Amino acid sequence: MRSKASSEGQETPGAVTLMERAGLDPDPWQQALLTSSWSRALLNCARQSGKTTASAALALETALEATDSLVLILAPARRQSKEFLRSVRSLYRDAAPDGGLDKQSELRLRLENESRIIALPGKEGTVRGYTADLVIADEAARVPDAAYVATRPMLAVTGGRFVGLSTPAGQRGWFYEAWTDPGQEWERVKVTGQDCPRMTEAFLEQERREMGDWQFQSEYMCQFTDTEDQLFATEHIESSLTSEVGALFDRDDETGEYLSDTEPLFSDT
């Protein structure tokens with residue numbers, strides 16, 4: 001395991017403190033997330049509910065608290081990961097932590113303690129080869145399964161943490177499976193538009209009317225609805241599956257051949 005040293009005896013501000021220094025008042029769920037002990041977290045949160053801000057604070061805290069730390073930011077597209085890094089940079093500017101910036105670009109930040117925050121598009125080929133202390137998957141429901149799987153080994157040696165934040169994108173993919181599978185151990189946080197104090201009921205009702213109920217349920221109510229391009233609804237597919245119907249033909253246990261009591265429809269004679 002890599003040895004990590006704290007910044008020369010200085011007390012590193014926590015993620016909540018960084019938000020407060022930046023003039024932000026953390027919501028209760030943000031405070032709970034940022035002060036809890038967990039290794040993997042899923043943030044199933046409505047648009048503009050504060051999931052990016054909370055995750056940016058976590059990224060900055062991780063980079064500040066120890067030397068030579070690596071935070072990776074993944075998103076389905078380069079533009080999205082770049083925007084997330086921009087949020088981190090804005091938080092750093094407004095919070096004015098003690099640790100200074102060494103170098104920065106559109107896709108990278110390096111602090112004076114040699115910690116780095118790197119933004120990558122969420123493609124399998126781009127995420128391999130790193131050993132990270134924190135991985136943040138933005139728009140996680142749209143990050144391909146292969147890219148998510150590729151991040152898992154990079155946290156094995158460091159004992160690092162993983163955060164996936166997103167609104168739902170249908171009943172498929174690793175984000176949906178991780179959210180709905182009780183056998184997988186995750187810190188799960190759900191924040192709907194109604195839970196966000198900055199969204200009024202009038203605003204939400206207008207959004208429902210203008211975007212339609214299907215998209216509203218996904219974007220603001222955090223529901224894993226079927227995608228628009230599905231030919232059959234998931235509930236109809238699941239209702240058609242049953243273990244009560246036997247096989248059409250019996251099978252011989254010794255030969256493996258299928259048996260039938262019926263005469264063939266066609267004959268060679």
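Visitor: Which residues point one way from S6, and which the other way?

Guide: This is a predicted model, in which local features need pLDDT of at least 70 and side-chain atom pairs count only at pLDDT 80 or more, while totals for chains, interfaces and linings use all residues. Residues are numbered from 1 along each chain as its sequence is written, and side-chain values use heavy atoms, leaving out hydrogens and water. In a regular strand the side chains alternate between the two faces of the sheet. Here Leu134, Ile136 and Asp138 point one way from S6, whereas Val135 and Ala137 point the other way. Strands (E, at least two residues) and helices (H or I, at least four) are DSSP runs numbered from the N terminus.

Visitor: Why is strand S6 described as largely enclosed?

Guide: Buried means under 20% relative accessible area, exposed over 50%, and partly exposed in between (1.4 Å probe, protein chains only). Five of the five residues of S6 (residues 134-138) are buried, so the strand is largely enclosed by the rest of the structure.

Visitor: How many bridges join S6 to strand S7?

Guide: Two strands pair if DSSP finds at least two bridges between them. S6 and S7 (residues 161-166) run parallel and are joined by five bridges, and S2 (residues 70-75) also pairs with S6 in the parallel sense, over four bridges.

Visitor: At what angle do helices H2 and H3 pack?

Guide: Axes are lines fitted to C-alpha atoms, for helices over the stretch in contact (heavy atoms within 4.5 Å), and angles run from 0 to 180 degrees between N-to-C directions. H2 (residues 28-35) and H3 (residues 51-65) pack at about 25°, with their axes 10 Å apart.
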